[in-house]
Structures are given as structure tokens and as C-alpha cells.
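Please read the points below with the sequence and the structure open beside you.

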Amino acid sequence: MEVTQFVLDVGKLMHPHLELASRAVMDFVEGKMLRKPKDEVSLVFFGTADTRNELNRSYAMTENDPSQYMHVRVEHPLGPPTVDYLKSLRNVPRHLGVVDWVDAVTVALDSLTRSSEKRAALAGARVTRKIILVSNFLSPAKDDPDDIFIPSMIATLDDKGVRLEVLSLDIPQEDEAHLQVKTYNSNLLARIMSESTAHHAIRSLTHAEDLCGAFKAKEYQSTTYYRGNGFTLGPNLTIDVRVSKKTAMEKFPSLAKESPLVPHENGEGPTGAGITNSREYHKVSDPEGPAIPDAEQVKAYRYGGQLVPVDDELEKMLQYSPGMGMWLLGFVDKAMVPRHHYMKDVWAVVAASKGKDNRSHVALSALVQALHRRQQLAIVRFAPREKGGVLVYAGIPMLATANNPDYLLLNALPFYEDIRNFPFPSFETPERTPSEEQLDAARQLVDAMWLGEGPREQLAPEATVNPTLHAFYHLAAVRAVEPGARPTPHDPLVERVLVPRLGELPGAEAALARARTAFPTGPGAKGRGAERGPLDDFQDRLAKGEVGRALEELCVDINFILKRDTQEDFDKAFQCMESLRSASVRYQLPERYNRLYRDAYDRCVKEEGLQSFWRRVADRRLKLIDSREAPVSSVSPDEAEAFLKDHPVPTHR
């Protein structure tokens, strides 16, 4: 269980960023509501015009001093978060009260302590206690000449086992007074971090938009996915290991369909109830007849033009079931496994702990260190489930750090059938060879847009949230408060992550301007190979023996030319069509041409302006390739003749 006191600065100097800051808190609260509803959260605002907290009331009653801990308001006491929390965060008022983050943290600590005293469940050893403080720290904490408040805060944090997490909005400041205050507050925070025995943390955000992604859209705890059978290195050696996912692609939430037409049980009004999908199969010869029962249905695989039935028993026989386990197959040099061959998710393999028995740790550590020393990878066969699939993985050695032992990372490797061969045009021909000026412009562009510039790497995966996921979940939270709310047209987090940050990359704009000049790509741009046409490239491909690719690319070119809708282009498209037909007959590959031929007529029927192209086809009697010209063709000579006769030049009114 986790209890969190969220402390948000709502004072004057935070007003420009308050909408984004409240959104960050809103996302955090929504995450608790959806995935950890038993966790408890409290909302504390400081810098408010009014005061509402127990510590202030206590001083007013016992010390007759209502001036203590003012301008701090406990908006929601500790408890499971509800929609009321979202409503408070959706419309956070702009206050003008005095801002003192030390007072605010003290109030949050006091509130947490009082709640723990009232409910023993919150004081348990397994309860995680946190205070999350959000501010730009441009307002000074009150003077403490006797050095009382900070030492007292540190002692209380340590005594109660409370972790302080600080989100510091560190937008560069030009005002000297603000810089001095910022430095003073930063020193106080640094002192808390250094003198406290707890593991506190400060996150510095240099842009307000980064607040929107301050928290993950979905938190995961490390879960062991494979255990028990160990890691088999040979007949006489098995290491007891645990395997968990290191990374996994987070899927966009699936949405269920609802219908407002489904009536209430009492027949009054719509409910918006869910829709249940069902599927029925009928005989082709009797489509209106009764549905085929499930017991009479069997799956079939398409094999050419036929359907081959394969029942469940036969399918199970064809599947390879290796049994659950992990086996070492051998070792290879790192250079033999290209990084772009890695597939799917990444697994972490760690040694299992069994009390004082550390033999598994020693064995796995020795393997990892040997692999690292020899710059090699382990090739591993891994089946995490008894009846699941089996894949071959590359085991990457990861050396121990202060927080982690030696372990292996498993990346799935492709089989031969998984690798796609995408050949690209060669630069060997003179017209495709970049000049020295172009090469220099490209080098300058790469150097100027290096994301490692500055104190921290930009867009580092471990610090970059998925903006579309965040936008989705935030819209869900907003709609819980305002059912008719619409998505934000220009979501600040989406633009922050996915729009190039040229202003933060010195020299990037100049490098882009030079590249734009060196590589003209707009309409009418001419290069050294601009005078070449699609037929030139087509003949080059055929000369190199790349017949299939030549035919495919010419089909694409013809479709593209037909989009231009001019008489000159129609002539060019017809010439390409004739060349495509001639080559298809010569190499006995008629299917691409025949498919393009039929598609071209369909386009002429649907798109006005293409009739003159088909008129050329009809006048020159350009037909489908029949089985007399290419025996592999599925079109008979009569069918080819009939198609041309039955498909005259279309007319459009």
C-alpha cells in the first residue's frame, strides 16, 4: 500500500504553469483510481488566500497564535482518491497568498502523522509513505535564523519513514531577485537530500510541458514471468534463475463499443450498454438457411486457390511444444548479431536467491563477466510457458552496479523467415553519388541535431513518456468531470515530445537551411538524374536481373503518373503499360500486369478525367496477358478478348 501527500504550489509565480502542474497531479490521481484504488492520496495546496489545516488550528487553540502555517490548505485529506479530487484539480483557482514550501511540507508531514495515529493500517512497515512537492521555488521560504525548521523536518522524515520527491520547475530566469531566491531554496533542498537518511529525490524540469509527463501513464511492478526450470548450460549444470520483462511495448487501451439504443431493463430510456458481438456461418449454397453449428465448423488454411481444413487435433500435432525451459545453445561475437535484428520485448535474467545459498549468483556472475571480457553474446533457447512458443534469444551481459547484480538481457532474434530483404538503389551510378558539398551538409546536419548536447540527453527513452497514452488518459480524467469535453487540439506534451526542438539545438536551423539548399526536394526540383524517367530505371533493373522489383516499381510508377491527370502524362503511362506488358510476357510473370490492367479500368470508371487513358488502351487493343502468351496466366484468350470488348471507354456526366 502507498500513501501520498501531494503538495502543489498555487501561488502567483506559479500561475503561468499551474494548468500544466495541476494536469500532472490529475494524471497521478487518475492512475491511482484506475490501477491502485486501495492507495491513499491527500491534496495540499500552498500559496492559497485562505488557510485550512490542522496544524494552524492547533496553534490557534493551544498557543493562541493563528499566524502559524498560514496560506496552506488541505484540499482533500488522506483517503482513496475519487472524482472529487479530479474536480478540484480541474479548476484550481489562482491564489495570491504567501508561498512557503517549508510550511507546506511541514503541514503534509503533520497530516500524515495524524492519519497514521488514527489508523494503525497506515503505520505498518509495508506501507510506503511519500510527499510529492511541485513548485518552481521562486518564492522564498521564511527566515529560520535559529536553524530549527529544516533539521526538524529532516528528523521527522527519517523518523516516520517518509520519502520526499520534489518536482522542481527550473525554467531559466533573468530576474536577479528570482535567481537568488531559487539558489536559496535549492540549497535548502540539497541539504535535506544530503543530511537525511531516507532516499529522497529531486527531478529538475526545464520546460513547463515536461510536467505533463512527470508520471508514467501506467506503473508496473516487477513480476517474475519464468522460474522453476532454471537455465540449463549443459547436462550437468543448471543455474536457478528468475526472468522478468525489462521492456514491453505499452499498447493503446482497447475501447469497448456501446449502444445508446439498448433499453433499460424496465424499458425506459437508453442505457449506453455494451454490445455483444456474435458471428454466424451459413452455407454459400443456402445463405438464408440455418446457421452452421459450432460442432460442424473447422478452421481452414488457404493454400493457393484452395481451402485446406485443419481440425484442432491436427493443429496441435503440427505445433512444436518444447516444454518450459531455458537452454544455452552457444556463444557468438557481439559483432555477429546486428542491433537491428533484435525483436519483441526484452527480458532480464537474474540469479534466484535461496537464503544463504549463493551458488546461482556466483555461476551467473561468472558467465556474465566471461561474456563481457570476451565481447561475446550467449545464444539461448527460451520457452517461458509449457505450451507456449519458443524463440532464440541473444543474451547480453550486464555488469553489476551499486544497485544491481550481474545479469543477462535477452533480446529475441529473428529466424530466416522473419527477415525482410529491402534492397535500395545503389549509389554507384554517377547520378546518385552525392557531391562533397552535399556530404558536408549532411555531416553538419547530423552534428547540429545531436540530442546529447547540454547537461542531459534529450528524448532519452527512460525519461520520455508516451504522449499519446498520456493524452488519452488525461482526456478520460477530464471526461469524468466534464462528460462532453473534447480532446485538446494541440496537446502540449505531444508537441513537446514529437515536434523537433530546433531552438534547443545550437546550429540546427542553419544546418537545416544548408541541407535544404543542397538537397532540393520540392516541386520542380532538378538533380543530376532528373532527366531520367521511370522506363530508364525499369530497363536498368531488368539489365541487372532484378525482374520482380522492376515490374513492381513500374506498376507503382504507372499508378503515380495517372494521378497527374494530363494528356502528356497519359501518353507516358500508356508507354509504361506497353513496356510492362512486353516484359511480363518475356519473363512469364503476367499476374502483376493483369492486376494493374483491371485496377486501371476501375479507376477510369470512378475518377473523372481518366477516360482518355483507357481510350488509348482500347484504340491500341492492349489486352490482358492470356494463357497463350504466358501459360502460367489464369486468363484464357477468349476472356482477354471479352474483357476489352465488355469494358468500353467509361463516360462521366
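1. Six strands form an open sheet with mixed pairing, and their order is E3-E2-E1-E4-E5-E6. At its edges lie strand E3 (72-79) and E6, each of which pairs on one side only. Averaged over the sheet and with direction ignored, neighbouring strands are turned by 15° against each other. Helices (H or I, at least four residues) and strands (E, at least two) are DSSP runs numbered from the N terminus, and two strands pair if DSSP finds at least two bridges between them. Axes are lines fitted to C-alpha atoms, for helices over the stretch in contact, with angles from 0 to 180 degrees between N-to-C directions.

2. The model is a predicted one, in which local features need pLDDT of at least 70 and side-chain atom pairs count only at pLDDT 80 or more, while totals for chains, interfaces and linings use all residues. Residues are numbered from 1 along each chain as its sequence is written, and side-chain values use heavy atoms, with hydrogens and water left out.

3. How many of the residues of strand E1 (residues 2-9) are buried? Eight of the eight are, so strand E1 is largely enclosed by the rest of the structure; buried means under 20% relative accessible area, exposed over 50% and partly exposed in between (1.4 Å probe, protein chains only). Glu-2, Thr-4, Phe-6 and Leu-8 are buried on one side of E1, and Val-3, Gln-5, Val-7 and Asp-9 on the other, so that both faces are covered.

4. E1 runs parallel to E4, joined to it by seven bridges, and Val-3 has Arg-129 as its bridge partner in E4. E1 also pairs with E2 in the parallel sense over seven bridges, where Gln-5 has Ser-42 as its partner. Strand E2 (residues 40-46) and E3, by contrast, run antiparallel and are joined by five bridges, with Val-44 opposite Val-74 of E3.

5. H6 lies across strand E5 (162-169) and E6, running at about 155° to E5. Two loop residues can be set side by side here. Ser-139, in the loop between strand E4 (128-135) and helix H5 (149-160), is buried with a relative accessible area of 14%. Apart from neighbours within four places in sequence, Ser-139 is in contact (heavy atoms within 4.5 Å) with Leu-13, Val-99, Val-181 and Asn-185. Thr-197, in the loop between helix H6 (176-195) and strand E6 (201-205), is exposed at 65%. Between Thr-197 and Leu-157 there are 8.9 Å in space, C-alpha to C-alpha, and 40 residues in sequence.

6. Another open sheet, of nine strands with mixed pairing, has the order E7-E10-E16-E19-E18-E17-E15-E8-E9. Its edge strands, strand E7 (224-226) and strand E9 (237-239), each pair on one side only, and its neighbouring strands are turned by 40° against each other on average, direction ignored. Within this sheet, strand E17 (residues 376-383) and strand E18 (residues 391-398) pair in the antiparallel sense over five bridges, and Arg-381 has Val-392 of E18 as its bridge partner.

7. The axes of helix H14 (residues 547-562) and helix H15 (residues 567-586) come within 9 Å and cross at roughly 160°. H14 is therefore roughly antiparallel to H15, a term for angles over 145 degrees, with under 35 counted as roughly parallel, 65 to 115 as roughly perpendicular and the rest as oblique. Residues making the contact include Leu-551 and Ile-558 of H14 and Phe-570 and Leu-580 of H15.
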